[in-house]
Amino acid sequence: MPLTKPLKLFIALNGFFLTFLILAEVTGSKLFVSFGFTLTMGVIPFPVTFIVTDLLNEYYGRKGVRFTTLVGMVMIFVAYFLLMLDMWIPAAPNSPVDDHSFNIVFGNSGKIIIGSIVAYLVGQLIDIQIFHFIRVKTKNKFIWLRATGSTIVSQLVDSFVVIYIALSGGKLSFEELNQISTNNFLYKCGVAVAITPIIYGAHKLLDWYLGADAEKMILAAMHDGRSDVEPISPG
């Protein structure tokens, strides 16, 4: 199979998505305070996954994003399995990281991953459908609306489900869990709005890279693979 520009782009976007997704899962058990708000460390890699999801949806449609979502879910399972295996294997006497320290950090990451498997799958499927719905209703105009709208609704589900599953039963009270979930959601909403110029810039860059293929791909993605429709200019 020849490595065409659309195929190279798909591989590259999936590489970025999976890297930042797994980093978000592995680091999500650490909390930090920013401007007085407590957040999980996982919110730092997530903006990249927002951008990549929207770009995949834009150029490869719902089928392309669903494929990436499925691969992402499998990789989360693989990451969880590897973490459990690593914790089961005893550390060497001269290991710079002992078993207790390793298990405390990555044991909590395991809980984050379990919660994320549920939240990620539901959130991604919601994001895909809302993005496509807005895109069709606006006739491929208003990139900012479908990108921001789909992210905000999907992350409302994701932010709360992950925290309640991953951090419940520990030191945090229900009120604290609720506050952290709300902070994460508001942060992600702010990020979704803030990255809008980046998404527009990425569109222009990918249109330039793909050349004549760009309009064909966008048209096919909008109509679930159909190409027998009139081109519609994005807004």
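**Close-up views of a predicted model**

Search the whole structure and two salt bridges turn up. Keep in mind that this is a predicted model. The views below start with those pairs and then move on to other spots.

**View 1. Glu58 and Arg135 form a salt bridge.** Here the closest N and O atoms of the two residues are 3.3 Å apart. Glu58 comes from helix H2 (residues 46-88) and Arg135 from helix H3, so the pair ties together parts that are 77 residues apart in sequence. Are these two partners buried or exposed? Glu58 is buried, with a relative accessible area of 1%. Arg135 is buried too, and its relative accessible area is 1%.

**View 2. Arg146 forms a salt bridge with Glu58.** This time the closest N and O atoms sit 2.8 Å apart. Arg146 belongs to helix H4 (residues 143-167) and Glu58 to helix H2, so this pair ties together parts that are 88 residues apart in sequence. Both Arg146 and Glu58 are buried.

**View 3. Asp127 is buried yet has no salt bridge.** You'll find Asp127 in helix H3 (residues 99-137). Which side chain of opposite charge is nearest to Asp127? That's Arg146, and it is 10 Å away. A salt bridge needs the nitrogen and oxygen within 4 Å. Leaving aside residues up to four places away in sequence, Asp127 touches Thr53, Asp54, Asn57, Ser150, Thr151 and Ser154.

**View 4. H2 and helix H7 (residues 212-222) cross at roughly 50°.** Their axes come within 7 Å. The two helices are therefore oblique to each other, and their crossing is left-handed. On the H2 side, the contact is made by Asn57, Glu58, Tyr59, Tyr60 and Gly61. H7 brings Ala214, Met217, Ile218 and Ala221.

View 5. From H2, the contact involves Ile51, Asp54, Leu55, Glu58 and Tyr59. From H6, look for Ile198, Ile199, Ala202, His203, Leu206, Asp207 and Leu210. Asp54 is also one of the residues that Asp127 touches.

**View 6. Phe142 has a positive phi in a residue other than glycine.** The value of phi is near 60°. Where does Phe142 sit? In the loop between H3 and H4. With a relative accessible area of 40%, Phe142 is partly exposed.

**View 7. Thr182 and Phe37 are 9.9 Å apart in space, C-alpha to C-alpha.** In sequence, 145 residues separate the two. Thr182 is part of helix H5 (residues 174-194). At 25% relative accessibility, Thr182 counts as partly exposed.

Notes
Residues are numbered from 1 along each chain as its sequence is written. This is a predicted model: local features need pLDDT of at least 70, side-chain atom pairs count only at pLDDT 80 or more; totals for chains, interfaces and linings use all residues. Side-chain values use heavy atoms; hydrogens and water are left out. Helices (H or I, at least four residues) and strands (E, at least two) are DSSP runs, numbered from the N terminus. Buried means under 20% relative accessible area, exposed over 50%, partly exposed in between (1.4 Å probe, protein chains only). Lys and Arg count as positive and Asp and Glu as negative; His and the chain ends are not counted. Contact means heavy atoms within 4.5 Å. Axes are lines fitted to C-alpha atoms, for helices over the stretch in contact, and angles run from 0 to 180 degrees between N-to-C directions. Angles under 35 degrees count as roughly parallel, over 145 as roughly antiparallel, 65 to 115 as roughly perpendicular and the rest as oblique. A crossing is left-handed if the near helix is turned anticlockwise from the far one by less than a right angle, and right-handed if clockwise.
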